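Please work through each task before reading its solution.

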Amino acid sequence: MNEAPRVVIADDQALVRGGFGMILAADGIEVVAEAADGAEAVAAVRRTRPDLVLMDVRMPRMDGIEATRRILSGGADGTRVLILTTYDLDHYVYAALTAGASGFLLKDVSPEHLVAAVRLVRTGDALLAPAITRRLIERFARHDEPAHRAVHGDLSQLTPRELEVLRLLATGMSNAEIADRLVLSPTTVKTHVARILSKLELRDRVQAVVLAYETGLVTRKAP
């Protein structure tokens, strides 16, 4: 996948949209549309079919969480969402991850990190390190709110080894760490992770961690 990503930028601040757009354009990444609110973002995605959306959380008319949910449940095949937030571990971020976002960026991200993040997520990876994702979920996951769950999966489809890999993945381990723990090769672990995502119809590791917590495979630590 060598073509430059096509991106939609959704933020209610024109200066943010313009700044990010200039950074991406300077690296050869095409910004196909801008949106000032969630409703505009949904319409822009349906119109342009981008590879990725940089999505602000707090916007008028429709917030970024609802926009993310509509985009990713509305047949936008191949489109991924990166959440833009002002505060680390903003409680909105967890809601966005359960809606299907592939990670998040702080708005004060460096130009180099922004470009790297867009290219990374476009390849199908998740931006968040598993440990960061776990920290988010341990802090904000609520098992008594099933109506808000947007990540589904039948764990009975997994083999015992795949369940073991998923459990370790959800505790924040990298593939290399899982390989060491289970005395497997990193390549074998990578294959197990790919099969887990395929069987459970998940986009990336972020959704796998969310699912592990929301199904009770891994439980939150007590405060």
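**Exercise 1: H7 and H8**

Task: Determine how close the axes of helix H7 (residues 160–170) and helix H8 (residues 175–182) come and at what angle they cross.

Solution. The axes of H7 and H8 come within 10 Å and cross at roughly 130 degrees. Because angles under 35 degrees count as roughly parallel, over 145 as roughly antiparallel, 65 to 115 as roughly perpendicular and the rest as oblique, H7 is oblique to H8. Axes here are lines fitted to C-alpha atoms, for helices over the stretch in contact, with angles from 0 to 180 degrees between N-to-C directions. On the H7 side the contact (heavy atoms within 4.5 Å) involves Arg161, Glu164, Val165, Leu168 and Leu169, and on the H8 side Ile178, Arg181 and Leu182. By class, this contact of H7 with H8 holds 5 nonpolar, no polar and 3 charged residues.

The model is predicted; local features need pLDDT of at least 70, side-chain atom pairs count only at pLDDT 80 or more, and totals for chains, interfaces and linings use all residues. Residues are numbered from 1 along each chain as its sequence is written, and side-chain values use heavy atoms, with hydrogens and water left out.

**Exercise 2: H2 and H3**

Solution. The axes of helix H2 (residues 38–48) and helix H3 (residues 64–73) come within 8 Å, crossing at roughly 20 degrees.

Note on methods:
Helix = DSSP H or I, 4+ residues; strand = E, 2+ residues; numbered from the N terminus. Nonpolar A, V, L, I, M, F, W, Y, C, P; charged D, E, K, R; others polar.
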